[in-house]
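User: Could you take me through how the helices pack in this protein?

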Amino acid sequence: MTDENPSTKKFARRTMLQHGAGIAAVGAMSALATAASTAPAAARTTGVKSTPGTLPSTVAGVRIPDSGLAREAVAYAQRVCSETIFNHSLRTYLFGALIFDRRGVRYDRELVFVAAVLHDLGLIEAFRTPTERFEVDGADAARKFLTERHVPAERAELVWDAIALRTNVGIATRKRPEIAMISVGSGMDFAGNNLQQIPPDALQDVLTTFPRKGFKKNAIDTILSLCRTKPMAELMHPFAEVGRRHIPGFSVPTVEDLVLAAPFTE
């Protein structure tokens, strides 16, 4: 797939070299610390399809939070997200919970669920800013959602961190479980990282309840949209490699370009 990119030619190469951004990676999951045990839900819901505004109480033995905040987050995400992105968000929660519950890690289930449900708001055009990375756009949108509902600042900031750091796997998985789980779960669904750790019957439950709905094509199309509309945000981001492969003349510099352009004599 290729796409012409006249908009990126508006950016002077020198201007792009003068702006930095953090390096993100979607890679293997690092080792996770274990803590006191939390009992997973005993029931399993197999083949139950969710409908707008409602979710099953459990999927693959994992409890779906049903607090007022959780229900509001679900309704909000279903309203603004495509079914493909919404289902990915629920799979993110379930995959993270399946891994952490099996390891006996204690965490705030409601907060992880809300963070997972809202974690890809930055991919939605309504929440995109001209220059921020999509992770930051999504984190800002989620924090605004929580602040408007009077969620305490420290809890809203934890959700912000979980969403903003999720593609920095090596950092996120060294942080609190609520932060690590969003990185682990989203990476598992995005790239299949350590998917073999999910039991086959649990995996089937998750995929049946929240099917992928063309996720791969949707992901590539969305990445290319970000590369076309705000290439500066992809500087030193893995998405830039997709832009270079598919968009003729994609002018976002590489790390090598940045080093060689540094204003030093050697």
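Predicted model: local features only at pLDDT ≥ 70, side-chain atom pairs only at ≥ 80, totals over all residues.

User: How are two packed helices described?
Analyst: They are described by the angle between their axes and the distance between the axes.

User: At what angle do H2 and H4 cross?
Analyst: The axes of H2, residues 68-80, and H4, residues 109-118, cross at roughly 5° and come within 9 Å. Because angles under 35 degrees count as roughly parallel, H2 is roughly parallel to H4.

User: Which residues in H2 and H4 meet?
Analyst: From H2, Leu69, Ala70, Ala73, Val74, Tyr76 and Ala77 take part, and they meet Glu110, Phe113, Val114, Val117 and Leu118 in H4. Ten residues of this contact are nonpolar, none is polar and one is charged.

User: Now H5 and H6: where do they lie, and how do they cross?
Analyst: H5 covers residues 134-148, and H6 covers 153-164. Their axes come within 8 Å and cross at roughly 160°, so H5 and H6 are roughly antiparallel to each other. The crossing is right-handed.

User: Which residues make that contact?
Analyst: Among them are Val136, Ala139 and Arg143 of H5 and Val159, Trp160 and Ile163 of H6. By class, the contact of H5 with H6 has nine nonpolar, one polar and four charged residues.

User: Changing topic, how many cavities of 30 Å³ or more are found?
Analyst: The search of the whole structure finds two.

User: What lines the second largest cavity?
Analyst: Its lining consists of Leu111, Val112, Ala115, Leu158, Val159, Ala162 and Glu178. H4 and H6 each supply at least two residues of that lining. Six of the lining residues are nonpolar, none is polar and one is charged.

Technical notes
Residues numbered from 1 in each chain as written. Heavy atoms only, no water. Axes fitted to C-alpha atoms, helices over the stretch in contact; angles between N-to-C directions. Helix = DSSP H or I, 4+ residues; strand = E, 2+ residues; numbered from the N terminus. Parallel < 35°, antiparallel > 145°, perpendicular 65-115°, else oblique. Contact = heavy atoms within 4.5 Å. Nonpolar A, V, L, I, M, F, W, Y, C, P; charged D, E, K, R; others polar. 1 Å grid on protein atoms, 1.4 Å probe; cavity = no way out; pocket = protein on both sides within 12 Å on 5 of 7 lines; lining within 4 Å. Points joined across faces, edges and corners; volume = space filled by probe spheres on them. Left-handed = near helix turned anticlockwise from the far one by under 90°.
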